[in-house]
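Hi everyone, thanks for coming. Please have a look at the picture on the screen, and then we'll walk through it together.

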Amino acid sequence: MLSAVQQFGQFGLTFSRKVGISGIFLFNVLFRRPKLQRSFPLLIEQLYFIGVFSLIIIMLSALFIGMVVSLQGHNTLQRFGADQELGELLALSVTRELAPVITALLFAGRAGTSLTAEIGLMRATDQLDSMEMMAVDPLWRIISPRFWAGLISAPILTLIFDMVAIYGGYLVGVKWLGVDSGSFWSNMQASVGFYDDVINGVIKSLVFGFVVTWIAVYQGYYTAPNAMGIGRATTKTVVYSSLAILALDFMLTSVMLKNW
Amino acid sequence: MPMPISSASSDTFVKVTNLCFKREERVIFDNVSLRIARNKITAIMGPSGTGKTTLLRLISGQLKPNSGDIIVYPLEAKESGIPIHRLNRRKLYQLRKKISMLFQSGALFTNLNVYENVVFPLREHARLPEDMLRDIALMKLEAVGLRGAHHLMASQLSGGMARRVAMARALALDPELMLYDEPFTGQDPIIMGVLVQLIKRLNYALGLTSVIVSHDVAETASIADYIYLISNGKIIGEGTPEALFAEQSPAVNQFIHGLPDGVVPFHYPAKDYAEELFS
(Lines give C-alpha, C1' and ligand atoms only; values in the text may rest on other atoms or scores of the structure.)
Protein backbone atom coordinates (compact mmCIF):
# COMPACT_ATOMS: atom_id res chain seq x y z
CA MET A 1 0.00 0.00 0.00
CA LEU A 2 2.79 2.36 1.03
CA SER A 3 4.84 1.59 -2.08
CA ALA A 4 1.77 2.34 -4.25
CA VAL A 5 1.45 5.72 -2.56
CA GLN A 6 5.18 6.33 -3.02
CA GLN A 7 4.95 5.44 -6.69
CA PHE A 8 1.96 7.72 -7.15
CA GLY A 9 3.82 10.51 -5.40
CA GLN A 10 6.91 9.91 -7.57
CA PHE A 11 4.71 9.99 -10.69
CA GLY A 12 3.17 13.27 -9.57
CA LEU A 13 6.57 14.84 -8.93
CA THR A 14 7.94 13.67 -12.29
CA PHE A 15 4.84 14.92 -14.10
CA SER A 16 4.99 18.33 -12.41
CA ARG A 17 8.69 18.63 -13.19
CA LYS A 18 8.06 17.86 -16.89
CA VAL A 19 5.21 20.37 -17.06
CA GLY A 20 7.49 22.98 -15.51
CA ILE A 21 10.33 22.23 -17.94
CA SER A 22 7.97 22.40 -20.93
CA GLY A 23 6.59 25.73 -19.66
CA ILE A 24 10.06 27.25 -19.31
CA PHE A 25 10.94 25.83 -22.73
CA LEU A 26 7.84 27.47 -24.26
CA PHE A 27 8.68 30.80 -22.57
CA ASN A 28 12.19 30.72 -24.00
CA VAL A 29 10.94 29.80 -27.50
CA LEU A 30 8.34 32.60 -27.48
CA PHE A 31 10.37 35.35 -25.86
CA ARG A 32 14.01 34.78 -26.83
CA ARG A 33 14.90 37.92 -28.66
CA PRO A 34 14.52 37.13 -32.38
CA LYS A 35 17.01 38.37 -34.94
CA LEU A 36 14.32 39.43 -37.36
CA GLN A 37 16.51 39.76 -40.43
CA ARG A 38 17.80 36.22 -40.02
CA SER A 39 14.65 34.69 -38.54
CA PHE A 40 12.32 35.64 -41.40
CA PRO A 41 13.99 33.47 -44.09
CA LEU A 42 14.09 30.58 -41.59
CA LEU A 43 10.37 31.05 -40.91
CA ILE A 44 9.52 31.06 -44.63
CA GLU A 45 11.54 27.88 -45.12
CA GLN A 46 9.67 26.14 -42.29
CA LEU A 47 6.28 27.38 -43.51
CA TYR A 48 7.08 25.61 -46.76
CA PHE A 49 8.15 22.34 -45.12
CA ILE A 50 5.40 22.29 -42.51
CA GLY A 51 2.50 24.01 -44.24
CA VAL A 52 2.91 23.35 -47.94
CA PHE A 53 3.98 19.73 -47.48
CA SER A 54 0.83 19.10 -45.41
CA LEU A 55 -1.47 20.47 -48.13
CA ILE A 56 -1.98 17.22 -50.03
CA ILE A 57 -3.09 15.17 -47.03
CA ILE A 58 -5.30 18.00 -45.72
CA MET A 59 -7.00 18.58 -49.08
CA LEU A 60 -7.54 14.89 -49.84
CA SER A 61 -8.91 14.23 -46.37
CA ALA A 62 -11.14 17.30 -46.58
CA LEU A 63 -12.53 16.19 -49.93
CA PHE A 64 -13.44 12.71 -48.70
CA ILE A 65 -14.80 13.94 -45.38
CA GLY A 66 -16.99 16.50 -47.13
CA MET A 67 -18.26 13.82 -49.46
CA VAL A 68 -19.03 11.39 -46.62
CA VAL A 69 -20.79 14.01 -44.49
CA SER A 70 -22.90 14.99 -47.47
CA LEU A 71 -23.75 11.36 -48.21
CA GLN A 72 -24.65 10.51 -44.63
CA GLY A 73 -26.42 13.80 -44.10
CA HIS A 74 -28.56 13.40 -47.18
CA ASN A 75 -29.43 9.83 -46.18
CA THR A 76 -30.83 11.03 -42.83
CA LEU A 77 -32.36 14.34 -43.91
CA GLN A 78 -34.20 12.73 -46.76
CA ARG A 79 -36.32 10.71 -44.29
CA PHE A 80 -37.68 13.94 -42.85
CA GLY A 81 -38.02 15.63 -46.22
CA ALA A 82 -35.33 18.09 -45.22
CA ASP A 83 -32.65 17.29 -47.77
CA GLN A 84 -32.59 20.96 -48.81
CA GLU A 85 -30.92 21.66 -45.46
CA LEU A 86 -27.88 19.63 -46.54
CA GLY A 87 -25.78 22.73 -47.21
CA GLU A 88 -26.40 24.05 -43.71
CA LEU A 89 -25.61 20.70 -42.09
CA LEU A 90 -22.43 20.32 -44.08
CA ALA A 91 -21.10 23.85 -43.54
CA LEU A 92 -21.86 23.97 -39.81
CA SER A 93 -20.34 20.51 -39.18
CA VAL A 94 -17.24 21.37 -41.15
CA THR A 95 -16.55 24.92 -39.97
CA ARG A 96 -17.37 24.37 -36.31
CA GLU A 97 -15.85 20.96 -35.64
CA LEU A 98 -14.56 18.80 -38.44
CA ALA A 99 -12.16 21.28 -40.02
CA PRO A 100 -10.28 22.42 -36.89
CA VAL A 101 -10.24 19.00 -35.21
CA ILE A 102 -9.36 16.81 -38.18
CA THR A 103 -6.85 19.32 -39.54
CA ALA A 104 -5.16 19.37 -36.13
CA LEU A 105 -5.14 15.57 -35.86
CA LEU A 106 -3.67 15.21 -39.36
CA PHE A 107 -1.23 18.03 -38.64
CA ALA A 108 -0.07 16.23 -35.49
CA GLY A 109 0.37 12.98 -37.39
CA ARG A 110 2.17 14.44 -40.38
CA ALA A 111 3.94 17.64 -39.38
CA GLY A 112 4.15 17.03 -35.64
CA THR A 113 5.92 13.69 -35.91
CA SER A 114 8.19 15.07 -38.63
CA LEU A 115 9.22 17.96 -36.34
CA THR A 116 9.81 15.63 -33.39
CA ALA A 117 11.86 13.18 -35.44
CA GLU A 118 13.93 15.91 -37.09
CA ILE A 119 14.73 17.73 -33.85
CA GLY A 120 15.25 14.42 -32.01
CA LEU A 121 17.73 13.29 -34.63
CA MET A 122 19.57 16.58 -34.34
CA ARG A 123 19.74 15.97 -30.58
CA ALA A 124 20.96 12.38 -31.04
CA THR A 125 23.71 13.39 -33.50
CA ASP A 126 24.94 16.30 -31.28
CA GLN A 127 23.92 18.89 -33.90
CA LEU A 128 22.09 20.96 -31.26
CA ASP A 129 25.06 20.75 -28.88
CA SER A 130 27.50 21.70 -31.64
CA MET A 131 25.30 24.70 -32.42
CA GLU A 132 25.48 25.69 -28.73
CA MET A 133 29.25 25.34 -28.87
CA MET A 134 29.32 27.65 -31.91
CA ALA A 135 27.50 30.23 -29.74
CA VAL A 136 24.31 29.90 -31.80
CA ASP A 137 21.20 29.45 -29.70
CA PRO A 138 19.36 26.38 -31.06
CA LEU A 139 16.10 27.66 -29.55
CA TRP A 140 15.94 30.66 -31.86
CA ARG A 141 17.73 29.04 -34.81
CA ILE A 142 15.94 25.69 -34.94
CA ILE A 143 12.96 25.58 -32.56
CA SER A 144 11.44 29.05 -32.84
CA PRO A 145 11.01 29.11 -36.66
CA ARG A 146 9.37 25.68 -36.53
CA PHE A 147 7.07 26.69 -33.68
CA TRP A 148 5.85 29.86 -35.39
CA ALA A 149 5.53 28.06 -38.73
CA GLY A 150 3.28 25.46 -37.10
CA LEU A 151 1.21 28.15 -35.40
CA ILE A 152 0.74 30.09 -38.65
CA SER A 153 0.08 26.99 -40.79
CA ALA A 154 -2.67 25.46 -38.67
CA PRO A 155 -5.41 28.08 -39.24
CA ILE A 156 -4.52 28.45 -42.93
CA LEU A 157 -4.77 24.68 -43.41
CA THR A 158 -8.08 24.71 -41.52
CA LEU A 159 -9.52 27.32 -43.88
CA ILE A 160 -8.37 25.25 -46.85
CA PHE A 161 -10.03 22.22 -45.25
CA ASP A 162 -13.26 24.22 -44.91
CA MET A 163 -13.30 25.12 -48.59
CA VAL A 164 -12.36 21.71 -49.96
CA ALA A 165 -14.74 19.81 -47.65
CA ILE A 166 -17.67 22.04 -48.62
CA TYR A 167 -16.78 21.59 -52.28
CA GLY A 168 -16.63 17.80 -51.76
CA GLY A 169 -20.03 17.93 -50.09
CA TYR A 170 -21.37 20.00 -52.99
CA LEU A 171 -20.12 17.43 -55.49
CA VAL A 172 -21.92 14.59 -53.71
CA GLY A 173 -25.02 16.47 -52.57
CA VAL A 174 -25.79 18.56 -55.61
CA LYS A 175 -24.11 16.88 -58.54
CA TRP A 176 -24.70 13.29 -57.55
CA LEU A 177 -27.68 13.18 -55.20
CA GLY A 178 -29.61 15.94 -56.90
CA VAL A 179 -30.10 18.48 -54.07
CA ASP A 180 -31.09 21.84 -55.51
CA SER A 181 -27.99 23.97 -55.94
CA GLY A 182 -29.76 27.21 -55.02
CA SER A 183 -31.18 25.75 -51.80
CA PHE A 184 -27.82 24.19 -50.97
CA TRP A 185 -25.91 27.48 -51.12
CA SER A 186 -28.60 29.85 -49.87
CA ASN A 187 -29.38 27.77 -46.76
CA MET A 188 -25.68 27.54 -46.06
CA GLN A 189 -25.28 31.31 -46.43
CA ALA A 190 -28.24 31.99 -44.16
CA SER A 191 -27.15 29.67 -41.36
CA VAL A 192 -23.39 30.00 -41.19
CA GLY A 193 -22.24 33.00 -39.18
CA PHE A 194 -18.82 34.41 -40.00
CA TYR A 195 -17.86 35.13 -36.38
CA ASP A 196 -19.82 32.39 -34.63
CA ASP A 197 -18.79 29.60 -36.96
CA VAL A 198 -15.88 30.39 -39.27
CA ILE A 199 -13.84 32.57 -36.90
CA ASN A 200 -14.54 30.28 -33.94
CA GLY A 201 -13.22 27.42 -36.05
CA VAL A 202 -10.07 29.43 -36.82
CA ILE A 203 -9.64 30.25 -33.12
CA LYS A 204 -9.86 26.54 -32.34
CA SER A 205 -7.30 25.78 -35.01
CA LEU A 206 -4.94 28.42 -33.58
CA VAL A 207 -5.20 26.84 -30.14
CA PHE A 208 -4.71 23.36 -31.56
CA GLY A 209 -1.78 24.48 -33.71
CA PHE A 210 -0.15 26.09 -30.67
CA VAL A 211 -0.51 22.98 -28.53
CA VAL A 212 0.44 20.44 -31.21
CA THR A 213 3.56 22.36 -32.28
CA TRP A 214 4.57 22.97 -28.65
CA ILE A 215 4.28 19.25 -27.88
CA ALA A 216 6.13 18.27 -31.08
CA VAL A 217 9.15 20.56 -30.63
CA TYR A 218 9.34 19.86 -26.87
CA GLN A 219 9.34 16.08 -27.39
CA GLY A 220 12.05 16.38 -30.05
CA TYR A 221 14.23 18.75 -28.01
CA TYR A 222 14.15 16.67 -24.84
CA THR A 223 14.20 13.20 -26.37
CA ALA A 224 16.69 10.57 -25.23
CA PRO A 225 19.49 10.72 -27.83
CA ASN A 226 19.01 7.24 -29.29
CA ALA A 227 16.75 5.38 -31.73
CA MET A 228 14.36 4.14 -29.05
CA GLY A 229 14.12 7.62 -27.57
CA ILE A 230 13.22 9.19 -30.92
CA GLY A 231 10.64 6.45 -31.56
CA ARG A 232 9.05 7.03 -28.17
CA ALA A 233 9.09 10.79 -28.64
CA THR A 234 7.26 10.65 -31.99
CA THR A 235 4.66 8.30 -30.50
CA LYS A 236 4.18 10.65 -27.54
CA THR A 237 3.75 13.58 -29.92
CA VAL A 238 0.85 11.89 -31.67
CA VAL A 239 -0.79 10.52 -28.52
CA TYR A 240 -0.46 13.64 -26.36
CA SER A 241 -1.45 15.93 -29.25
CA SER A 242 -4.53 13.87 -30.07
CA LEU A 243 -5.71 13.80 -26.47
CA ALA A 244 -5.00 17.51 -26.05
CA ILE A 245 -6.93 18.35 -29.25
CA LEU A 246 -10.00 16.40 -28.18
CA ALA A 247 -9.98 17.74 -24.62
CA LEU A 248 -9.43 21.35 -25.77
CA ASP A 249 -12.14 20.95 -28.40
CA PHE A 250 -14.66 20.08 -25.73
CA MET A 251 -13.62 23.01 -23.54
CA LEU A 252 -13.55 25.52 -26.37
CA THR A 253 -16.90 24.34 -27.75
CA SER A 254 -18.47 24.72 -24.29
CA VAL A 255 -17.17 28.27 -24.05
CA MET A 256 -18.16 29.18 -27.61
CA LEU A 257 -21.67 27.84 -27.25
CA LYS A 258 -21.89 29.75 -23.94
CA ASN A 259 -22.62 26.55 -22.07
CA TRP A 260 -19.63 26.92 -19.72
CA MET B 1 55.81 13.89 -12.35
CA PRO B 2 52.93 16.32 -11.75
CA MET B 3 52.94 19.61 -13.64
CA PRO B 4 53.77 22.43 -11.19
CA ILE B 5 50.67 24.57 -10.63
CA SER B 6 52.14 27.90 -11.58
CA SER B 7 50.80 30.95 -9.82
CA ALA B 8 51.25 32.79 -13.11
CA SER B 9 48.09 32.27 -15.10
CA SER B 10 49.71 33.38 -18.38
CA ASP B 11 50.83 29.81 -19.13
CA THR B 12 47.47 28.32 -18.13
CA PHE B 13 44.38 28.31 -20.33
CA VAL B 14 42.01 26.34 -18.11
CA LYS B 15 42.31 25.80 -14.37
CA VAL B 16 39.97 23.29 -12.74
CA THR B 17 39.99 23.45 -8.92
CA ASN B 18 38.31 21.01 -6.53
CA LEU B 19 35.71 19.99 -9.11
CA CYS B 20 32.80 17.91 -7.85
CA PHE B 21 30.09 16.71 -10.21
CA LYS B 22 27.29 14.19 -9.71
CA ARG B 23 24.69 12.72 -12.04
CA GLU B 24 21.71 11.88 -9.85
CA GLU B 25 23.39 9.86 -7.08
CA ARG B 26 26.48 8.77 -9.04
CA VAL B 27 29.67 10.72 -8.30
CA ILE B 28 31.45 11.50 -11.58
CA PHE B 29 34.19 13.80 -10.25
CA ASP B 30 35.30 13.94 -6.64
CA ASN B 31 37.50 16.93 -5.85
CA VAL B 32 39.41 16.93 -9.13
CA SER B 33 41.99 19.64 -9.87
CA LEU B 34 43.90 19.98 -13.11
CA ARG B 35 45.47 22.57 -15.38
CA ILE B 36 45.41 22.88 -19.17
CA ALA B 37 48.60 24.59 -20.32
CA ARG B 38 48.38 27.30 -22.95
CA ASN B 39 49.53 26.40 -26.50
CA LYS B 40 50.06 22.76 -25.49
CA ILE B 41 48.19 19.54 -26.22
CA THR B 42 46.75 18.06 -23.02
CA ALA B 43 45.16 14.63 -23.05
CA ILE B 44 42.46 13.40 -20.68
CA MET B 45 42.41 9.61 -20.67
CA GLY B 46 40.78 6.87 -18.69
CA PRO B 47 38.55 3.80 -18.85
CA SER B 48 35.21 3.97 -20.66
CA GLY B 49 32.45 5.63 -18.70
CA THR B 50 34.77 7.45 -16.35
CA GLY B 51 33.52 10.93 -17.31
CA LYS B 52 36.08 12.19 -19.83
CA THR B 53 33.43 13.65 -22.17
CA THR B 54 31.63 15.07 -19.13
CA LEU B 55 34.83 16.92 -18.21
CA LEU B 56 34.94 18.47 -21.69
CA ARG B 57 31.32 19.57 -21.31
CA LEU B 58 32.13 21.10 -17.91
CA ILE B 59 35.12 22.97 -19.34
CA SER B 60 33.01 24.29 -22.23
CA GLY B 61 30.17 25.38 -19.92
CA GLN B 62 27.58 22.91 -21.23
CA LEU B 63 27.31 21.48 -17.71
CA LYS B 64 27.66 23.21 -14.35
CA PRO B 65 29.67 21.62 -11.53
CA ASN B 66 28.10 20.91 -8.14
CA SER B 67 31.09 22.61 -6.53
CA GLY B 68 34.57 23.78 -7.45
CA ASP B 69 35.80 26.25 -10.03
CA ILE B 70 36.54 26.12 -13.74
CA ILE B 71 38.46 29.24 -14.74
CA VAL B 72 39.25 29.93 -18.39
CA TYR B 73 42.07 32.34 -19.37
CA PRO B 74 41.50 33.52 -22.96
CA LEU B 75 43.89 36.18 -24.29
CA GLU B 76 41.47 39.00 -23.36
CA ALA B 77 41.45 37.81 -19.70
CA LYS B 78 44.92 36.28 -19.48
CA GLU B 79 45.57 37.42 -15.91
CA SER B 80 42.12 37.62 -14.33
CA GLY B 81 40.46 34.56 -15.84
CA ILE B 82 36.75 33.95 -16.44
CA PRO B 83 34.75 31.48 -14.32
CA ILE B 84 32.89 29.80 -17.17
CA HIS B 85 30.45 27.99 -14.87
CA ARG B 86 29.10 31.29 -13.48
CA LEU B 87 28.47 33.10 -16.75
CA ASN B 88 25.02 34.03 -17.98
CA ARG B 89 23.98 32.84 -21.42
CA ARG B 90 25.05 35.99 -23.27
CA LYS B 91 28.55 36.07 -21.78
CA LEU B 92 28.92 32.30 -22.17
CA TYR B 93 28.16 32.61 -25.88
CA GLN B 94 30.71 35.43 -26.15
CA LEU B 95 33.38 33.22 -24.54
CA ARG B 96 32.36 30.23 -26.68
CA LYS B 97 33.49 32.09 -29.79
CA LYS B 98 36.99 31.45 -28.45
CA ILE B 99 36.36 27.77 -27.71
CA SER B 100 35.56 25.06 -30.25
CA MET B 101 34.65 21.45 -29.77
CA LEU B 102 35.01 18.53 -32.15
CA PHE B 103 32.30 16.03 -31.23
CA GLN B 104 32.81 12.29 -31.50
CA SER B 105 30.22 11.99 -34.26
CA GLY B 106 31.41 15.12 -36.07
CA ALA B 107 27.93 16.64 -35.58
CA LEU B 108 27.78 18.08 -39.11
CA PHE B 109 24.43 19.55 -40.15
CA THR B 110 23.01 16.87 -42.41
CA ASN B 111 20.84 19.24 -44.47
CA LEU B 112 23.91 21.29 -45.54
CA ASN B 113 26.86 20.49 -47.77
CA VAL B 114 30.50 20.65 -46.68
CA TYR B 115 30.94 24.31 -47.68
CA GLU B 116 27.72 25.42 -45.94
CA ASN B 117 28.71 23.54 -42.80
CA VAL B 118 32.11 25.24 -42.59
CA VAL B 119 30.73 28.69 -43.37
CA PHE B 120 27.85 28.35 -40.86
CA PRO B 121 29.61 29.87 -37.80
CA LEU B 122 31.07 32.62 -39.99
CA ARG B 123 27.63 33.56 -41.34
CA GLU B 124 26.20 33.63 -37.82
CA HIS B 125 28.91 35.76 -36.21
CA ALA B 126 30.98 37.58 -38.81
CA ARG B 127 29.39 40.26 -40.97
CA LEU B 128 31.54 39.62 -44.01
CA PRO B 129 30.76 39.72 -47.71
CA GLU B 130 30.02 36.37 -49.33
CA ASP B 131 33.24 36.21 -51.35
CA MET B 132 35.33 36.74 -48.22
CA LEU B 133 33.36 34.02 -46.41
CA ARG B 134 34.04 31.73 -49.35
CA ASP B 135 37.79 32.42 -49.20
CA ILE B 136 37.95 31.73 -45.45
CA ALA B 137 35.92 28.51 -45.77
CA LEU B 138 38.11 27.23 -48.59
CA MET B 139 41.25 28.04 -46.57
CA LYS B 140 39.92 26.07 -43.60
CA LEU B 141 39.03 23.14 -45.85
CA GLU B 142 42.48 23.33 -47.48
CA ALA B 143 44.07 23.05 -44.00
CA VAL B 144 42.31 19.71 -43.47
CA GLY B 145 42.86 18.51 -47.04
CA LEU B 146 39.21 18.64 -48.17
CA ARG B 147 38.96 21.74 -50.33
CA GLY B 148 37.97 19.55 -53.29
CA ALA B 149 35.03 18.07 -51.38
CA HIS B 150 33.31 21.38 -50.61
CA HIS B 151 30.29 20.53 -52.78
CA LEU B 152 29.55 17.15 -51.16
CA MET B 153 26.59 16.73 -48.81
CA ALA B 154 27.39 15.73 -45.23
CA SER B 155 25.71 12.36 -45.80
CA GLN B 156 28.11 11.59 -48.67
CA LEU B 157 31.20 11.78 -46.46
CA SER B 158 33.06 8.88 -44.89
CA GLY B 159 33.60 8.93 -41.13
CA GLY B 160 37.14 10.26 -41.41
CA MET B 161 36.15 12.95 -43.91
CA ALA B 162 33.25 14.02 -41.67
CA ARG B 163 35.65 14.45 -38.74
CA ARG B 164 37.99 16.55 -40.85
CA VAL B 165 35.15 18.77 -42.11
CA ALA B 166 33.99 19.14 -38.50
CA MET B 167 37.55 20.16 -37.62
CA ALA B 168 37.53 22.78 -40.40
CA ARG B 169 34.21 24.10 -39.09
CA ALA B 170 35.54 24.18 -35.53
CA LEU B 171 38.49 26.28 -36.73
CA ALA B 172 36.31 28.72 -38.70
CA LEU B 173 36.20 31.36 -35.97
CA ASP B 174 39.92 30.97 -35.14
CA PRO B 175 39.37 29.69 -31.59
CA GLU B 176 41.97 29.79 -28.86
CA LEU B 177 40.93 26.46 -27.27
CA MET B 178 40.09 23.26 -29.18
CA LEU B 179 38.37 20.39 -27.41
CA TYR B 180 38.51 16.99 -29.14
CA ASP B 181 36.05 14.33 -27.95
CA GLU B 182 37.34 10.88 -28.89
CA PRO B 183 38.68 12.01 -32.29
CA PHE B 184 40.24 8.63 -33.17
CA THR B 185 37.37 6.29 -32.25
CA GLY B 186 36.28 4.02 -35.08
CA GLN B 187 38.86 5.25 -37.58
CA ASP B 188 41.15 3.10 -39.73
CA PRO B 189 44.94 3.43 -39.22
CA ILE B 190 45.38 5.79 -42.19
CA ILE B 191 42.68 8.22 -41.07
CA MET B 192 43.93 7.93 -37.51
CA GLY B 193 47.39 8.95 -38.68
CA VAL B 194 45.91 11.85 -40.68
CA LEU B 195 43.90 13.10 -37.68
CA VAL B 196 46.87 12.77 -35.31
CA GLN B 197 49.09 14.86 -37.60
CA LEU B 198 46.33 17.41 -38.24
CA ILE B 199 45.73 17.97 -34.52
CA LYS B 200 49.45 18.39 -33.85
CA ARG B 201 50.14 20.57 -36.90
CA LEU B 202 47.14 22.85 -36.36
CA ASN B 203 47.87 23.25 -32.66
CA TYR B 204 51.36 24.55 -33.25
CA ALA B 205 50.74 26.40 -36.52
CA LEU B 206 47.73 28.31 -35.17
CA GLY B 207 48.97 28.71 -31.59
CA LEU B 208 46.00 26.78 -30.19
CA THR B 209 45.52 25.13 -26.86
CA SER B 210 44.15 21.62 -27.37
CA VAL B 211 42.46 19.14 -25.05
CA ILE B 212 42.05 15.59 -26.35
CA VAL B 213 39.75 13.12 -24.65
CA SER B 214 40.60 9.64 -25.80
CA HIS B 215 41.37 6.12 -24.73
CA ASP B 216 43.63 5.47 -27.72
CA VAL B 217 46.86 5.44 -25.75
CA ALA B 218 49.44 5.16 -28.51
CA GLU B 219 48.01 7.81 -30.83
CA THR B 220 47.27 10.27 -28.07
CA ALA B 221 50.63 9.79 -26.33
CA SER B 222 52.42 10.45 -29.65
CA ILE B 223 51.20 14.07 -29.73
CA ALA B 224 50.23 14.99 -26.16
CA ASP B 225 52.50 17.24 -24.11
CA TYR B 226 50.79 16.24 -20.86
CA ILE B 227 48.36 13.50 -19.88
CA TYR B 228 45.81 13.23 -17.06
CA LEU B 229 44.52 9.76 -16.25
CA ILE B 230 41.07 9.76 -14.64
CA SER B 231 39.31 6.82 -13.04
CA ASN B 232 36.48 6.52 -10.50
CA GLY B 233 36.12 10.29 -10.23
CA LYS B 234 39.75 11.01 -9.37
CA ILE B 235 43.03 11.66 -11.14
CA ILE B 236 45.04 8.48 -10.73
CA GLY B 237 48.03 9.64 -12.72
CA GLU B 238 49.43 12.62 -14.57
CA GLY B 239 52.57 13.59 -16.36
CA THR B 240 54.32 13.62 -19.68
CA PRO B 241 53.74 10.53 -21.86
CA GLU B 242 57.25 9.23 -21.06
CA ALA B 243 56.67 9.64 -17.32
CA LEU B 244 53.33 7.85 -17.46
CA PHE B 245 54.72 4.95 -19.47
CA ALA B 246 57.38 4.52 -16.80
CA GLU B 247 54.85 4.88 -13.96
CA GLN B 248 54.79 1.91 -11.60
CA SER B 249 51.41 2.41 -9.92
CA PRO B 250 49.14 -0.58 -10.72
CA ALA B 251 46.14 1.48 -11.94
CA VAL B 252 48.21 3.62 -14.32
CA ASN B 253 50.25 0.64 -15.47
CA GLN B 254 47.12 -1.39 -16.28
CA PHE B 255 45.56 1.37 -18.39
CA ILE B 256 48.68 2.52 -20.21
CA HIS B 257 49.75 -0.98 -21.18
CA GLY B 258 46.24 -2.34 -21.75
CA LEU B 259 46.54 -5.17 -19.22
CA PRO B 260 43.34 -7.25 -19.08
CA ASP B 261 43.41 -7.80 -15.30
CA GLY B 262 44.57 -5.67 -12.43
CA VAL B 263 43.03 -2.83 -10.45
CA VAL B 264 40.09 -3.02 -12.89
CA PRO B 265 39.39 -6.76 -12.58
CA PHE B 266 38.67 -9.04 -15.51
CA HIS B 267 36.01 -11.02 -13.66
CA TYR B 268 32.75 -9.46 -12.59
CA PRO B 269 32.25 -10.16 -8.84
CA ALA B 270 30.75 -13.66 -8.40
CA LYS B 271 30.66 -16.67 -6.07
CA ASP B 272 33.54 -19.15 -5.91
CA TYR B 273 33.80 -20.91 -9.30
CA ALA B 274 34.12 -24.51 -8.01
CA GLU B 275 31.35 -23.97 -5.51
CA GLU B 276 28.93 -22.65 -8.14
CA LEU B 277 29.86 -25.33 -10.70
CA PHE B 278 29.57 -28.37 -8.44
CA SER B 279 26.91 -27.31 -5.95
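Let's begin with this: what percentage of the 260 residues in chain A do buried residues make up? They make up 40%, where buried means that 20 or more other C-beta atoms, placed from the backbone, lie within 10 Å of the residue's own.

A quick note on the source: this is a predicted model, where local features need pLDDT of at least 70 and side-chain atom pairs count only at pLDDT 80 or more, while totals for chains, interfaces and linings use all residues. Residues are numbered from 1 along each chain as its sequence is written, and chains are lettered from A and ligands numbered from 1 in the order in which they are written.

Back to chain A, which has 9 helices and 0 strands; helices are DSSP runs of H or I with at least four residues, strands are runs of E with at least two, and both are numbered from the N terminus. The C-alpha trace of chain A spans about 65 × 55 × 35 Å along its principal axes. Take the contacts in chain A between residues at least 6 apart in sequence: 87% join residues at least 24 apart. Contact here means C-beta atoms, placed from the backbone, within 7 Å.

Now over to chain B. Its domain assignment gives domain 1 (9-98 + 176-278) and domain 2 (109-174), with bounds from an automatic or database assignment. The C-alpha centres of these two domains of chain B lie 27 Å apart. Where they meet, 10 residues of domain 1 are in contact with 10 residues of domain 2. On the domain 1 side, helix H6 (residues 189-205) of chain B gives the largest share, 5 residues.

Technical notes. A residue is buried if 20 or more other C-beta atoms lie within 10 Å of its own, exposed if 12 or fewer, and partly exposed in between; C-beta atoms are placed from the backbone. Two residues are in contact if their C-beta atoms, placed from the backbone, lie within 7 Å.
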